[in-house]
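I am opening a notebook on this structure. The entries below record what I looked up, one topic at a time.

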Amino acid sequence: MSELILGVSAFYHDSAAAIVRDGVPVAAAQEERFSRVRHDSSFPARAVGYCLDELGVSLPDVSAIAYYEDPRLKFRRVLATLIGAAPTGFASFRETIPGWLGTGGKLDALGNVRRELASLGRGPVPGIVARRHHESHAASAFFPSPYDSAAVLCVDGVGEWATTTLWHGRGTELTSLAEIRFPHSLGLLYSAFTYFCGFKVDSGEYKLMGLAPYGEPRFAELILERLIDVKPDGSFRLNMGYFAYLRGQVMTGRAFEKLFGGPRRTAEGPLTQREFDLAASVQKVTEEVMLRLARTARDRTGESVLCLAGGVALNCVANGKIVESGIFDEVWVQPAAGDAGGALGAALAVAMTNGARREHTGRGRDAMSGALLGPSFTSAQIAAYLDGRQIPHQRLEPGDLPGAVAAELASGRIVGWFQDRMEFGPRALGARSILGDARDPSMRSAMNLKIKFRESFRPFAPAVLASEVKDYFDLGQESPYMLLVAQVAAARQVPVTDTGATGIDLLRVPRSTIPAVTHVDGSARVQTVTADGNPGFHALLTAFRERTGCPVLVNTSFNVRGEPIVNSPHDAYTCFMRTNIDTLVMGDFVLHKSEQPPWSEESDWRSEIPLD
Amino acid sequence: MATLLLGVVYFLLATPIGWLSRLLHDPLSRRRSRRTVSYWIVPAGRADAPGERSRATRITS
Ligand SMILES: [Fe+2]
């Protein structure tokens, strides 16, 4: 008799649900994909409903509900912070406390989860247990990893108290070795710079990382001198005199402005050399701290492999530096490294306590099913949608599909690729992706302007056949979840001519034979694709390689910028029609834009999507 | 009304507690020291907050 554990993360950022069967993740999704509200933090009712439906079960079939953090401990931290800042933080106190207390308050998160689950009408709610925030991260990093034993490092903004934790994972056990606590947080340091550079905290961090290659790290020394005291073993404390998050609802204050030459950039203000250099500087410091933490993880555990999770583990440039350093033989990053992955981690932690086994390690593979843990749609369902709306389409034989789509891509068309189960985690990995030819020098600009509707200072990410990754990138291991950055191989680089370009115009200068995916420093955010992890996407890349000689495609998320990644055929068709995607492939069905009826909507959809 | 109540709690309760705790120790471990070798905290059982049932590895050179 198999045991099911349902994990839930909610009420802060990016809520999600996951189901684990006998210790194996079998369904997981973020609420935003169903509600269509980006980073939706409300109770993940639809994600829970999906997980139960995927397995054809109801709540009484589930042994336990695992919540991803301890609300009481978190409240004590919030209270201690507010008291610690008194009398200078009354505004923060007034805004924060009412949200925690009373019925429906965050302090009663477990009660809220119980009530929300009960209102789903899926039967009696089983017992709910809370796991600590970092235990959830650590469990999500280690238990599904391909390793029997490993060092485990979790780095994020903050959960309850811990902001950085070091663990030793062995078999079905995780031992906590050491931690660093709030207010000292590498994630919050990065968020402070994100905020100061005019991006949104909790979602703009990846933009800051993308901005870093344009700058010089001229503030790195200053950051190390004034803002953060880092010890040789990677442990650190922040100088709270420069940060405002203890007493207010903002990240930085006057002292920070004074240190970095004036007020913060406003949200849509121009990006100047200062922002480039600030991004480069905090990125360099983050990499240095992560490298020291990795070395300590190696020393303290004696392990040769590392598992990573927590929001900072989405910093794929820093992850790439750890791989490059050779401190560990291999690094595995949980694809849902942020708080959505906490739902999965909490469920895994409970499953292991209840006696689940980790049989996947014997096969040398991870247990994430390529992160394809979300909803899928059968050919019959897609056909019903298309026929119901009289949408023109062709249906191909499955064997003909990769060749036909590869031909479209090789002729410069942009393809919406909707296949299989939706990805769990922030990246599109070839199930809900928009694809293009990475060799085409105009592809980056075309995809930005025709689909995302905004110019970007970041290149797109490449998906590459895992068997050929070394021909294209300096990467000595697999990167199935697009969470490692590596340099484009020297053989694929081209001499850079001095065009006089500066700032973000530098991205227009070709630096490699795959310019659409090459950043200004010659790096790329690589996804390696295997037939095991994603057979359909692997077949497409193989067909594209056979046709063109190139095993690389541009892989960007199937959405308009600012909107969640598409989930259903309807979401995909809507995005296809709103944008200038040339061809939409859903299962075996191929839709050409030129054959579609005109698209009209009652309201201006672009005004309804918030800026990201 | 709610603001008034919160104000009373904040200024008459939270503020003196905060002031006293800062006077007696370093409740949020804000102090940094060049002589400290490591800021790692070794979790002892289920330690709840800084200083509670846990010890920082404050090894001084
Ligand atoms: Fe977290």
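I began with A:Val415 and looked for its bridge partner, which is A:Leu435 in strand 15 of chain A. This is a predicted model, so every entry here concerns computed values.

I then looked at the two strands around that pair. Strand 14 (residues 415-418) and strand 15 (residues 432-437) of chain A run antiparallel and are joined by 4 bridges. They belong to an open sheet of 9 strands in chain A, with the order 13-21-20-14-15-19-16-18-17 and mixed pairing. I noted strand 13 (394-395) and strand 17 (484-487) of chain A as the edge strands, since each pairs on one side only.

Another sheet came next. In chain A, 5 strands form an open sheet in the order 3-2-1-4-5, and the pairing is mixed. Strand 3 (24-30) and strand 5 (128-130) of chain A are its edge strands, each pairing on one side only. From one strand to the next, the twist averages 20 degrees. I checked strand 4 (residues 64-67) of chain A against strand 5 of chain A and found that they run parallel, with 3 bridges between them. There A:Ala66 has A:Val129 in strand 5 of chain A as its bridge partner.

In the loop between strand 1 (4-9) and strand 2 (16-21) of chain A I stopped at A:Asp14. Its phi is near 60 degrees, a positive value in a residue other than glycine.

I also looked up a salt bridge, the one in which the side chains of A:Arg46 and A:Glu31 meet at 3.3 Å, N to O. A:Arg46 is in helix 2 (residues 45-55) of chain A, and A:Glu31 is in the loop between strand 3 and helix 1 (32-35) of chain A. The two residues are 15 residues apart, and the pair links distant parts of the chain. Over all chains the count comes to 21 salt bridges.

For a helix pair I took helix 7 (residues 186-196) and helix 11 (residues 273-301) of chain A, which pack at an angle of about 175 degrees with their axes 10 Å apart. That angle makes helix 7 of chain A roughly antiparallel to helix 11 of chain A. Among the residues that meet are A:Leu189, A:Tyr190 and A:Phe193 from helix 7 of chain A, and A:Leu278, A:Val282 and A:Val289 from helix 11 of chain A. By class, this contact has 10 nonpolar, 2 polar and 1 charged residues.

The loop between strand 8 (173-181) and helix 7 of chain A holds A:Pro183. I noted that the peptide bond from A:Phe182 to A:Pro183 is cis, with omega near 10 degrees.

My last entry concerns the two chains. How many residues of chain A are in contact with chain B? I found 43, meeting 35 residues of chain B. The area buried between chain A and chain B is about 3,300 Å², and carbon and sulfur atoms give 60% of it. In chain A, A:Phe90, A:Arg181 and A:Arg237 lose the most area to chain B, together 21% of what that side buries. I looked for salt bridges across this interface and found 0.

Definitions and conventions. Residues are numbered from 1 along each chain as its sequence is written. Chains are lettered from A and ligands numbered from 1 in the order in which they are written. This is a predicted model: local features need pLDDT of at least 70, side-chain atom pairs count only at pLDDT 80 or more; totals for chains, interfaces and linings use all residues. Side-chain values use heavy atoms; hydrogens and water are left out. Two strands pair if DSSP finds at least two bridges between them. Axes are lines fitted to C-alpha atoms, for helices over the stretch in contact, and angles run from 0 to 180 degrees between N-to-C directions. Angles under 35 degrees count as roughly parallel, over 145 as roughly antiparallel, 65 to 115 as roughly perpendicular and the rest as oblique. Contact means heavy atoms within 4.5 Å. Ala, Val, Leu, Ile, Met, Phe, Trp, Tyr, Cys and Pro count as nonpolar, Asp, Glu, Lys and Arg as charged, and the others, Gly among them, as polar. Buried area is the accessible area (1.4 Å probe) that two parts lose on being put together, summed over both. A salt bridge is a side-chain nitrogen of Lys or Arg within 4 Å of a carboxyl oxygen of Asp or Glu.
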